[in-house]
Amino acid sequence: TVLIRGEPGIGKSAIVAELTRAATRQGIGSHTLQVLDFGQVAVERPMPALALGLLGAGTDGSTDDRADAVTRAAARGLIAPEDVLLAGDMVDAAIADDGRACLAAMDSHARERGRARLLHRLLQQAAVQPLLLVIEDVHWASTHEIAQLAELAASAAARPVLICLTSRPGDDALAAAWRARGSGSPLTTLD
């Protein structure tokens, strides 16, 4: 994992855009995610947006479109049957009332473990070929989201995956969360 850190306007986005173009020229798949400080709907936050990207869907589809993406992925074996409901919840897909009741009965830790398991599985299956994941402006991410990114990096460590983050300087929450949840996954910082 590489963290590109610098003041606003210094060219972090230009660097990752060039990295993404170079990856594309080499036939490497990529997903670019953006973290906003306000006004970002839940499905556009890093983990749901990444799940949708790995499912081959976009964040701009309807809840029915997202449900169809989950159903297609389950039919292809990308999502285990026991994770279909959690996948639908994670990507804000249309879920039947009985599914909503089941989710409501589930404790938050079980939901979080299930979401992590789901992302790990999707990433494992997507990363049979080299993959570039770009997450811009992680300084706007919550501590919880940063911890999720660290866990994702740890699960991708043995795969041909490069995770590239951009951030502004001054906030050590990223490094602290990485040390706490990254399971030794290295974080290289470019200032």
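Mentor: A helix here is a DSSP run of H or I with at least four residues, a strand is a run of E with at least two, and both are numbered from the N terminus. The model is predicted: local features need pLDDT of at least 70, side-chain atom pairs count only at pLDDT 80 or more, and totals for chains, interfaces and linings use all residues. Residues are numbered from 1 along each chain as its sequence is written, and side-chain values use heavy atoms, with hydrogens and water left out.

Trainee: Which element of the chain has the lowest mean pLDDT?

Mentor: pLDDT is the predictor's confidence in each residue, from 0 to 100. The chain averages 88, and 96% of the residues score at least 70. Helix 1 (residues 12–25) has the highest mean among the elements, 96, while the lowest, 70, belongs to helix 8 (residues 173–181).

Trainee: Which strands stand at the edges of the sheet?

Mentor: Strands pair if DSSP finds at least two bridges between them. The open sheet has 5 strands in the order 2-3-4-1-5, with parallel pairing. An edge strand has a single partner, so one side of it is left without a neighbour in the sheet; this holds for strand 2 (29–34) and strand 5 (188–190).

Trainee: How many residues apart in sequence are the parts tied together by arginine 5 and aspartate 191?

Mentor: A salt bridge needs a side-chain nitrogen of Lys or Arg within 4 Å of a carboxyl oxygen of Asp or Glu. Arginine 5 and aspartate 191 form one, with their closest N and O atoms 2.6 Å apart. Because arginine 5 lies in strand 1 and aspartate 191 in the segment after strand 5, the parts tied together are separated in sequence by 186 residues.

Trainee: At about what angle does helix 1 run to strand 3?

Mentor: Axes are lines fitted to C-alpha atoms, for helices over the stretch in contact, and angles run from 0 to 180 degrees between N-to-C directions. Contact means heavy atoms within 4.5 Å. Helix 1 lies across strands 1, 2, 3 (131–136) and 4, and its angle to strand 3 is about 165 degrees.

Trainee: How is helix 2 placed relative to helix 7, parallel, antiparallel, perpendicular or oblique?

Mentor: Helix 2 (residues 46–54) packs on helix 7 (residues 143–156) at about 40 degrees, with axes 10 Å apart. Angles under 35 degrees count as roughly parallel, over 145 as roughly antiparallel, 65 to 115 as roughly perpendicular and the rest as oblique. Therefore helix 2 is, relative to helix 7, oblique.
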